[in-house]
Amino acid sequence: MSANLSNIRHTHGLDVVKPLSITTLILVMMPLVLLPLASIFIFGTSSGLRSFWNALTAPEAVFALQLSIVTSFWATVFNVVFGLFAAYVLTKYNFWGRNALIVTISLPTAIPTAVAGFALLLLWGPYGILGRFLDPHGIHLMFTAAAIILANIFVTFPLAFGVIKPVFDTMNQSLEEASATMGATRWQTFWHVTLPSLRGAILSGALLTFARAVGEFGSTILVSGNLAGRTQTAPLYIFAKFNEGQVEAANAIAIVLALFSFLIFSVLFLARDWLEAE
Amino acid sequence: MKDNIQTNQAAVSVEGVSKKFGAAVVLDDINFSVLEGETLVLLGASGSGKTTILRIIAGLETPDSGRVILHGKDVTELPARARGVGVIFQNYALFPKMTVEGNIGYGLRLRGRPKSDIAEIVNTLIELTHLEEHRRKHPSQLSGGQQQRVAIARALAYNPEVLLFDEPFGALDAQIRTRLRREIRALLREIKVPSIFITHDQEEALELGDRIAVLNQGRLEQIGTPYNVYNKPATEFVATFLGAANLLLGIVNENRFEAEDIFLKIEPDPKIRDGQSVKLVFRPEDVFLRRPENLTQNYQPLVDGIVEEVNFVGAFERVVVRLNISTRPPILVTRPKSETTVFPLEPGVKVPVGLVRFRILPNYTLASERAARVI
Amino acid sequence: MKFKIGLIAVFFSAMVLIGCLPSAPGGGGGGERKITVYGFSIMKESLQKEIFPAFAAKWRAEHNGEEVKFESSFAGSETVTNQILQGVPADVGIFSIERDVDRLIQAGHVPNDWYVTPQKGIVNKTPFVIIVRKGNPQGIADFADLGKEGVKLIHPDPVSSGGAQWSILAIYGSELRKSEAETGKRDETRALNTLKAIWKNVIATPGSAREARTQFELGQGDALVTYELEALLMKDANAPIDVVVPKATIFSEHPVAIIDRNVTPDERPVVEAFRNFLWSDEAQKAFVKNHFRSVTNESFNDANPQFAKIEMPFTVEYFGGWKKAYPDVIEKVFRDQVQKK
């Protein structure tokens, strides 16, 4: 019996474990991810492409998508630049409280996005700790596109940093020293030596941040005011349409977001190799 | 006046450099200079401070006191980028996202040189370092030796004041190491750029250096030609660090070294007074185990000994001999092939022991004595 | 290498192009006015389809072609109120329950003299009914039947939804009203027990009446207590449902308030004109068309043949107004006795 078992384990011809484990993988993913995603597409096209297209081109839908992309874009720009800066400072310098800073940057991962939303309200809202002093001067951050960007920045804060920092950690310090001895200023070294090695990390950090920001809901619904055509992002639009019973309209945008995410992660997958290749 | 001429001739001068990291003294009053076209090897164990000296010359570290002078110019206060030195890092530190050409031209681009100039210099260097087939490759596609040549070419591109090599062969296996050493030696002879190597490998030091500076715990023990450092070690550390050495404790008495039944005539030395405790230092290959018939060399008999072990180790034979008195530690002797065939030995045989070359060094056993000594 | 840099440059310039904030749909041009309306969930259709365009046309005609643009957001009434309390830039709020206006008055967003507005601030009304699956498989005839074993009920959450609070008042009041008709006395024990039995059957509490309807439409639950308006909208959409009209039920009355704090003196005329427009015959008839019942003229309601006849209708006045109904029924009965077991 035991001889049989070891025979099977050391079979050279057919490895049973391979097809078995792949099947298991797909079977587990089916009900959890694949089928729910598929149903969006099935439902979206069930009443014809025309109604799908109409739902997609409704002015408020187009606006919601644009607003999502724009606010996510700025949040991404900020978080990538900041993440780069933070990773540089926290790798290069050792100082008291350094680890505390690293932990703080990573904190938003564990904070529910709704909490992020009302935390921003408590600070910047018209009755917030700082907002109440700005409000009389006509400076309103909350319930504007700025609020959405702030919320996006908060919830995606650790993402770019988290991707860039490990690359910094493994980067050879002597590269920078070599560049310096060859006559480069700090900035030249950063631009010609450090940055090129970070291209892949920056791209994936940006795409991750962007993907996450485009889909952000919990904090946005609290800080945006959810005004259709003004501060309603794509996920809020989906939620609003769902609540109104217009599931088709909700679904059309959901499809766009799903495709968007697919696109982003495909780029992430392909472009990363492409950028790192050399 | 004479001093000035010397300073002008020196490509690199390190004057009175000291450095502490916290309470630990890393460098203690280091002085040396490298002449134009000369190769100096800083030899020392890890922790001897040799890397710190290199980094101080490169401007990657600042000394607590002392000066660094490059071609007559005091650069102690200048940042690394303004010094114009070429550093070949241990792992080469080639820029991974630049091609071979990009790496070599980097220093020139930083200096804003015209494109045509850069292309010309890069071409010359690629030819010099035989990298023609690899010019468009990235560092990860090159072998260790090729990477090293890129690193050297890259540093040569901007006419460095001095080339600094930080353990350049550390990451390579023994065979390649020997080959590359020869290549670099030939290259340095050709380009005549003053160079400083640091290494912990005495064989490497002897082969590469026009002069060798031996460092021990932040102090310069001896600086001199490979021949002198090897054959006339100034200190016990130098003697034992550069190759194997036998040590015998004794005293000096009327130009004689005395240790119980051993008496050896020595040259008068003003630094050593009668009755002083000294060490007799001699290398295994300087020991003779037969009567000195037909010997033209300067031979002095020591004492009789008993052969304890005979090991054949390829090119030569290693013999362990106990000198007369059993409490004395045995000495190590190496004999060339020619000697072993004519005069075979086996354990238990009694042999006459004599020396063709030796050194008498003061025996510093106390730290205070050591610190007070004058080199 | 050059190729890659080019691609990256193209990508980034594309991103910067879309990096400018989008302009609102249909926006543009100066000399236009803007009114921001936050409404409770079911106000959406009638406002967006009829009232907003009608008012804009009227204003344009009366003010040399000046355009009025509306921005609107809809959620559960309590959610809308909380958003306004947090400072969303609402000019006008339309709520499911008067209590929400009271909360805004207390916080100073709405002036104390709000009650002097026409119709005491109420813009329209609608009775509460039961929606069941086509054919009424569980034979539900009145509120009490919702407490039967095995009935699965969708009921919005009273914490965020005004409609949910109306529903509780409808069920509780319905039993009181019927017992009063039968015995001459309000039987509070009977009303409490009915409410308890029904609440046991609740399988989901969505955030607003509209969310509750969506969940019901997606196939959850056997029954839904909601505004008649919702039932009629579902019928219009040919949803496979039946409407059960209880013998006794409440008319929900929906107040409007100007959020003083957010309205500049410059904006006030147009905002007030809009609020007053809600009581105009034109607006009231538009509400009727969209299945709300008029509060200014009962005869308008004859125009909608789908409106149900209610045998024993009542309003929140039956409980002594919201000031008593909320603490007495929603808090003391529902929250303390039904919800907490």
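1. Two residues are in contact if their C-beta atoms, placed from the backbone, lie within 7 Å. By this criterion, the contact between chain C and chain A takes 25 residues from chain C and 27 residues from chain A. On the chain C side, helix 1 (2-18), strand 2 (67-75), helix 3 and helix 7 (209-217) each supply at least two residues, where helices (H or I, at least four residues) and strands (E, at least two) are DSSP runs numbered from the N terminus. Helix 7 of chain C gives the most to this side, with five residues. The side of chain C that touches chain A divides into eight nonpolar, eleven polar and six charged residues; Ala, Val, Leu, Ile, Met, Phe, Trp, Tyr, Cys and Pro count as nonpolar, Asp, Glu, Lys and Arg as charged, and the others, Gly among them, as polar.

2. The structure is a predicted model, in which local features need pLDDT of at least 70 and side-chain atom pairs count only at pLDDT 80 or more, while totals for chains, interfaces and linings use all residues. Residues are numbered from 1 along each chain as its sequence is written, and chains are lettered from A and ligands numbered from 1 in the order in which they are written.

3. Two pairs of chains touch, and the most contacts are between chains A and C. In the other interface, 16 residues of chain A are in contact with 18 residues of chain B. Helix 9 (173-181) and helix 10 (186-214) of chain A are the elements that give two or more residues to the chain A side, and helix 9 of chain A provides the largest share, six residues. By class, this side of chain A has seven nonpolar, seven polar and two charged residues. No contact joins chain B and chain C, and their closest C-alpha atoms lie 10 Å apart.

4. Chain C has eleven helices and eleven strands. Its C-alpha trace spans about 85 × 55 × 40 Å along the principal axes. Of the 341 residues in chain C, 46% are buried (20 or more other C-beta atoms within 10 Å of the residue's own; exposed means 12 or fewer, partly exposed in between, with C-beta atoms placed from the backbone). Among contacts in chain C between residues at least 6 apart in sequence, 75% join residues at least 24 apart.

5. How is chain C divided by the domain assignment? Domain 1 comprises 32-124 + 253-303, and domain 2 comprises 126-252 + 308-339; such bounds come from an automatic or database domain assignment. The C-alpha centres of domain 1 and domain 2 of chain C lie 26 Å apart. Their contact takes 20 residues from domain 1 of chain C and 24 residues from domain 2 of chain C. Helix 3 (77-86), helix 4 (98-106) and strand 9 (248-258) of chain C each supply at least two residues of the domain 1 side. That side divides into six nonpolar, seven polar and seven charged residues.

6. The domain assignment of chain A gives domain 1 (1-46) and domain 2 (48-276). Their C-alpha centres lie 35 Å apart. Six residues of domain 1 of chain A are in contact with seven residues of domain 2 of chain A. The side of domain 1 of chain A that touches domain 2 of chain A has four nonpolar, two polar and no charged residues.

7. Leaving aside neighbours within four places in sequence, the contacts of C:Ile131 include C:Phe216, C:Leu224, C:Met234 and C:Val243.

8. In chain B, six strands form an open sheet in the order 6-7-8-3-9-10, with mixed pairing; two strands pair if DSSP finds at least two bridges between them. The edge strands, strand 6 (86-88) and strand 10 (219-224) of chain B, each pair on one side only. Strand 7 (residues 163-166) and strand 8 (residues 195-199) of chain B pair in the parallel sense over four bridges. B:Leu163 stands opposite B:Ser195 in strand 8 of chain B.

9. C:Lys309 lies in the loop between strand 10 (293-294) and strand 11 (312-314) of chain C. Is this residue buried or exposed? C:Lys309 is exposed, because 7 other C-beta atoms lie within 10 Å. C:Lys309 and C:Val245 are 64 residues apart in sequence and 8.1 Å apart in space, C-alpha to C-alpha.
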